[in-house]
Amino acid sequence: MKTSPTVRIVAAALLIFLPAPLLIVIGASFSPGSILSFPPPGLSLRWYRTVLGEDDWIIAFATSAGIGVVAAVVTTLIALGAALALERAPPRIRSSAELLILAPLLFPHAALGIAFLSCLVTLRLNGSMLGVFISHLVLCAPFAYRPIALSLNQIDRSISEAAMILGASSRQAVTSVLIPMLRPGLSAALMFSFIISFDEVTVTMFLVGPEFTTLPVKIYSHLADSADPVVAAISTILIVMTSGIILILDRVVGLGIFVDIEEDARG
Amino acid sequence: MKRRDFLKGSAFLASAPFIVPARAADEKIVMGCWGGGTARMWRDAFGKPFTAERKIPVTVVELPDPTAAVAAAQGKPQYNAIIAASFQGASLAHRGLIEEFDPAELPNLKNIPEQYWIKNPAGKVLGMPVYFIYYGVAFNTSQCKPADFGSWKDLAAPRWKGQLSITRPIFLAPYDLTICSKVMGGTEVDIKPGIPLLRDIARNAASAYTSMASLQQQLAQGEVVAAPFYSSQVQLLRRTGELGVDITIPKEGGLVLSYILAVPKGSENRDAAARFLNDSIAPSKQIDAARNAYLPLSTNVTLPEDLSKDYGMTIEEVRGRNWSPDWYAVAGEIEERMRLVERIADEAR
Amino acid sequence: MGVLLVVFAAGIAGLVYSSFERGASLYLDLLRDAGIRAVLIRTIVISAVTTLICAVLGYPLALFLARSRNRNLWLVLVISPWLVSIVVRTFGWMVLLGSRGVVNATLQAIGAVGPPLRILFTPTAVVLGLVHIFLPFMVIAILSSLLQMDKRLEEASQILGGSRWQTFRCVTLPLSVPGLMGGCSLVLLMATGSIVTPLLLGGLRDRMLGTQIYSEIFQVFNFQRASAMAVILLFVALLMVAPLRFAEGRIRKRLGAT
C-alpha cells in the first residue's frame, strides 16, 4: 500500500528533527577551542586525540558496553521466561506479577538510586559491578517484558500447536517456531535493555565504586567541572560505533524487528 | 531449555570476578572528587606525592557529587576522604556523617588563619581547608564592563531583565542569599534583609545554570550576559584563551568559598586519612593547586609572579576583599533556606 | 522455570518497596504545600502533552517505516536520540534553541521574527526535549504492532473497494491499537518521572516532580520527603495510565470478538 503524502512529509520532518542535536554535538567535537560551541571556530582533531589517549575513557566505555550487553541478554531471557510463564497463569496472579515487573517504571530514578543503594549496602555489594549489574537488570526488565508480552499476544499460537501435532517436541515447538515468531518483540527487548543500561546515569551514580565507573557517570562528573568538547568527541565516537554495529548486525544476523512476520513464516 | 540455562549460567560466571573481595586491612586512601580537571589535580599534585612520601596508595574516584555519595551511604561510606565545599562538609557534619578532628591532630592547621577553619561549637575541626576560590560576578566582556557591577545591587537593575543566570537553589541558599543579606546589612545568620534583593535578582534571571559547563557555555555564547559565579571557572576559561568572559568583585566584596578535605564518618583508615589531610597544605601542593585556579588559604605560601598577575592583585588582597561566613551556621539552616529560595524564585516574575 | 524467574523479579522489586516504609505523616504536609502542588500539576500537564504529541507524530512515522524498504536506515535515524548521553544531547538543544542559536538565527535570517524567540529554559523546551527522547519508544511500539498485522487484511479491504482513509480507519488503526496504547502508557510513565530534561532545559520555575525528588535526595538529603514525593508520583502516574489500560482492554475484547 502506498503511503499518503501527508504521512511522508511528517515522517521526513521527524527524521530531521530526531538527529538534529546529534549533528550539533558532532560538529562541536571538531572544535579546537575549550568550550562546547557551534559552529566550531575551526576544525581540529584535538579532542579525539585526548579521548583516545586517555585510558580512563576507553575503560569506562568498555565497562558500560560490557554491562549493557550482558544485561540486555540476561534481561531478555528472564523476560521471555516470565512472559511465557505468565501467559498461562490465572489472571489475578498475572496482573500482580506484571505490576511488579513494571514497577521500576513508576519510580523516578533518583528515588530508585537510594533504594538500590540501601539494598546493596545490606548485601555488601555496593561499589561492585555485580551490584550495578543487578540494578540494571531490574531497571531494564519492564522494557524487555513489554515488547515480548505484546508480541506473544499478537502471534498466532495455532502455528506452534500445529507444529506439535505434526510431531515436534514442545521444546522444538518453542525454539524453532515460537521464538522466531517473537523476533520483533525479542529484538525490541534487547535493544531497549541495552540502551537503557548503557545510558543509565541517575541510579548508577550512587552505585559505582573506587574500582570502576560507567561512561554516562564519567561524562556527568566531567561536565560538573569542565565544559570542554571532550564529551562531544566521545559522543561522536559512540554515535558512529553504535549505528555501525546496528547496521552490521542487521545485515549479518537479521535483527528481526525490521522483518514482517509473514515473510519470516513463509520462508 | 538447555541453551537458555547455559547462557544464564555463563552470565553469572562472568560476573563472579566483579564481586568485590573482602577488603584487606592495608592502609590506603580512597578519595571521592569531582570529575575533570579537579580529579586530575588531586591525582597528580596531591595523590602521587603522598604515595611517594608515605608509601600509602591513593585512589581518586570521579563522582558527580562526592557529598551526595557520602550522604547516600548513610554511615557506611566507600571513601575515606572527600573534597567538598565548606558548607557541604558542614552539612554532612550536622548529620553526623563527618569525622571530627582535634586541631592538634592536624598540626599544619596552624598555617591557616582560624577564621577559615570549619569548626563545630565543640571546637572540633571538620576537615582541612585546602584552598579557596571567590564568588563574584562573571560577565561576558563584549556586552558588559566591570563597572556595570560595581555593587551586587546592580544585578537587580531593570536593564538586566532576562539576561542573567543564577545557580540552583542548593547553591543559591548558602551563597547568593548569604551575600545578599550581607549587602543589605544582615549576616549569615540573619538572612531576612537579603530576601528582597535576591528576589529582584531572580526576577532578572532567564535561567538557572545546572553545571559549570552549562554557565560557561551560556556566557561564552552570549545567552546570558552575567551571573554570580566562581572565580576558578572564569580563570580556567581565560587561561585556555577564551577571553570573552571575565569576573569582578563588587565593592561590598565577594564570598570566600573554601573547600575542605574531609573524612566521612565510619570509613576505614582514619589515621592514614588524617595524614593525607595534614599533608595536603604543604606549600608545593598549594602552588600546584593555584595553577588550577584554586587559591591558597595558608599564610606560608607565596605565589609565583605569573600566577599573581592573573588575578590582578596579590593573594592577600584577594583574601582581604572577600568575606568568609560561618559555614557551620549556614549549613545548620540549609534545608529551610533552600525551600525559601525556591519560593523566592517561584514568586519572582 | 518461568515461575522461578518471576519470583526472582518479585524478590528484587520487594526489596525496592521495603525501603519506602517511612515518611507517612509527610504526605499531608506535602500536599498542603502550594509549591509542591504547582509542581505536581505542571508534571501532569507536561507529561500528558508530551504523550499526545508523541502519539500524533509517532503514528505517521511508524506507518511510513512499516511500509518502507529502507527501514534499517530510517530506524537508525529514529533511535538516534539514544545514541548520545542525555546530558550531552541537552547541550545540542541549548545550541539549537538559544537566543543566538540555530533556530533563532534561521528564523531571523528569513525575517520570520524580529527579536529572538525565547525558547530555551521554558516549558516549551522541556516538552520538545521530552518528545525528542520518547518519540523512538512510541514509534517502535506502534511499529511492532503494525508489522505483526496481517497485510492481507489491508489488501482485502482495498480490493473490496475501500478508500485509503477507510482502510486506515477500519483496518489498520484498530489493529495497531495495542501498540499505540502500549506506547502511550510507556511514554506517559516515563515522562512523569523525568528528571534530567526538565532540569537542564527548563527555567527556574519549570521544575517537575522528578527533578524535585532529585534535589531532595542529592542536595537536601531528606530521604523521607523524597520517598513521600516518589509515592505521590507513583499514584499520579498510575491514575494517568489507568484509563489507557482500560481503553486498551476494551478494544482488545472488541477485536477478539471479530
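Where is the kink in helix α5 (residues 169–183) of chain B centred?

Modeller: The model is a predicted one, and what follows is to be read as such. In helix α5 of chain B, the kink is centred on D176(B) and amounts to about 30°. Just after α5(B) comes G185(B), which takes a positive phi of about 95°.

Most residues other than glycine have a negative phi. A293(B), however, is not a glycine, and its phi is positive, near 75°. This residue belongs to the loop that lies between α10 (283–291) and α11 (305–311) of chain B. A293(B) has 23 other C-beta atoms within 10 Å, and because the threshold for a buried residue is 20 or more, A293(B) counts as buried.

F121(C) counts as buried, with 28 C-beta neighbours inside 10 Å.

To return to chain B, strand β3 (residues 81–85) is mostly covered, with five of its five residues buried. A81(B), I83(B) and A85(B) point one way from β3(B), whereas I82(B) and A84(B) point the other way, and all of these are buried. The strand pairs with two others. With strand β1 (residues 29–33) of chain B, β3(B) runs parallel and is joined by two bridges; in this pairing, A81(B) is the bridge partner of M31(B). With strand β9 (residues 254–262) of chain B, β3(B) runs antiparallel, and four bridges join the two. Opposite I83(B) stands L261(B) of β9(B).

Chain C is built otherwise: its secondary structure consists of twelve helices and zero strands. Of its 258 residues, 50% are buried. Among the contacts in chain C with a separation of 6 or more, 74% are between residues 24 or more positions apart.

Chain C also touches chain A, in a contact that takes 69 residues from chain C and 73 residues from chain A. On the side of chain C, helix α1 (residues 2–18) gives the most, with ten residues. By class, that side of chain C has 49 nonpolar, 14 polar and six charged residues.

One helix pair between these two chains can be described in detail. Helix α1 (residues 5–17) of chain A packs against helix α3 (residues 34–66) of chain C at an angle of about 105°, their axes being 8 Å apart. Because angles of 65 to 115 degrees count as roughly perpendicular, α1(A) is roughly perpendicular to α3(C). In this pair, V7(A), R8(A), V10(A), A11(A) and L14(A) of α1(A) meet L57(C), P60(C), L61(C), L63(C) and F64(C) of α3(C). The residues in the contact of α1(A) with α3(C) are nine nonpolar, no polar and one charged.

Conventions: Residues are numbered from 1 along each chain as its sequence is written. Chains are lettered from A and ligands numbered from 1 in the order in which they are written. This is a predicted model: local features need pLDDT of at least 70, side-chain atom pairs count only at pLDDT 80 or more; totals for chains, interfaces and linings use all residues. Two residues are in contact if their C-beta atoms, placed from the backbone, lie within 7 Å. Ala, Val, Leu, Ile, Met, Phe, Trp, Tyr, Cys and Pro count as nonpolar, Asp, Glu, Lys and Arg as charged, and the others, Gly among them, as polar. A residue is buried if 20 or more other C-beta atoms lie within 10 Å of its own, exposed if 12 or fewer, and partly exposed in between; C-beta atoms are placed from the backbone. Two strands pair if DSSP finds at least two bridges between them. Axes are lines fitted to C-alpha atoms, for helices over the stretch in contact, and angles run from 0 to 180 degrees between N-to-C directions. Angles under 35 degrees count as roughly parallel, over 145 as roughly antiparallel, 65 to 115 as roughly perpendicular and the rest as oblique. The bend at a residue is the angle between axes fitted to the seven residues ending there and the seven starting there.
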